[in-house]
Amino acid sequence: MSFSSDIKQELNKNSNLSNKEIVKNELIGYFISGNTKISNKEIKFSTESDYNINRFSKLLSNLEIDHKIEVSRKKFYYKSKDKKYQIY
């Protein structure tokens, strides 16, 4: 495995998500990555990493953000029914 894959796998194993500030900050990190496209109706996060999408979904669920994961061309996308996204 590569260093990047190892780090993603380690992050995904961390199930202690009790500190909401840390969870919010990690989610913001995903949102500001080059893999995220934000429009007024949806947020698309694309990745080919199972570890990334599992972690992303855990963070959203932990913050009680309604979401649905869809797979398109072996990439994962986050979609929400909400029109506004508030992380803070």
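Colour the chain by pLDDT first. Select strand E4, residues 75-79: confidence is lowest here, at a mean of 61. Then select helix H2, residues 20-31, where confidence is highest, at 88. Over the whole chain the average pLDDT is 76, and 73% of the residues score at least 70. Where pLDDT is low, the predicted coordinates should not be read in detail.

How do the two axes cross? The crossing of H2 past H3 is left-handed.

Now show side chains at this contact. On the H2 side, pick Lys20, Val23, Glu26, Leu27, Tyr30 and Phe31. On the H3 side, they meet Asn52, Arg55, Phe56, Leu59, Leu60 and Asn62. Colour these residues by type: 7 are nonpolar, 2 polar and 3 charged.

Stay on Phe56 in H3 and bring in Phe45 from strand E2, residues 43-45. The count of aromatic pairs comes to 4, and Phe45 with Phe56 is a pair to inspect. Are these rings stacked or edge-to-face? Their centres are 4.6 Å apart and their planes lie at 25 degrees. Planes under 30 degrees apart count as stacked, so this pair is stacked. The pair links distant parts of the chain, with Phe45 and Phe56 11 residues apart.

Definitions and conventions
Residues are numbered from 1 along each chain as its sequence is written. This is a predicted model: local features need pLDDT of at least 70, side-chain atom pairs count only at pLDDT 80 or more; totals for chains, interfaces and linings use all residues. Side-chain values use heavy atoms; hydrogens and water are left out. pLDDT is the predictor's confidence in each residue, from 0 to 100. Helices (H or I, at least four residues) and strands (E, at least two) are DSSP runs, numbered from the N terminus. A crossing is left-handed if the near helix is turned anticlockwise from the far one by less than a right angle, and right-handed if clockwise. Contact means heavy atoms within 4.5 Å. Ala, Val, Leu, Ile, Met, Phe, Trp, Tyr, Cys and Pro count as nonpolar, Asp, Glu, Lys and Arg as charged, and the others, Gly among them, as polar. Rings of Phe, Tyr and Trp (its six-membered ring) pair if their centres lie within 6.5 Å; planes under 30 degrees apart count as stacked, over 60 as edge-to-face and the rest as tilted.
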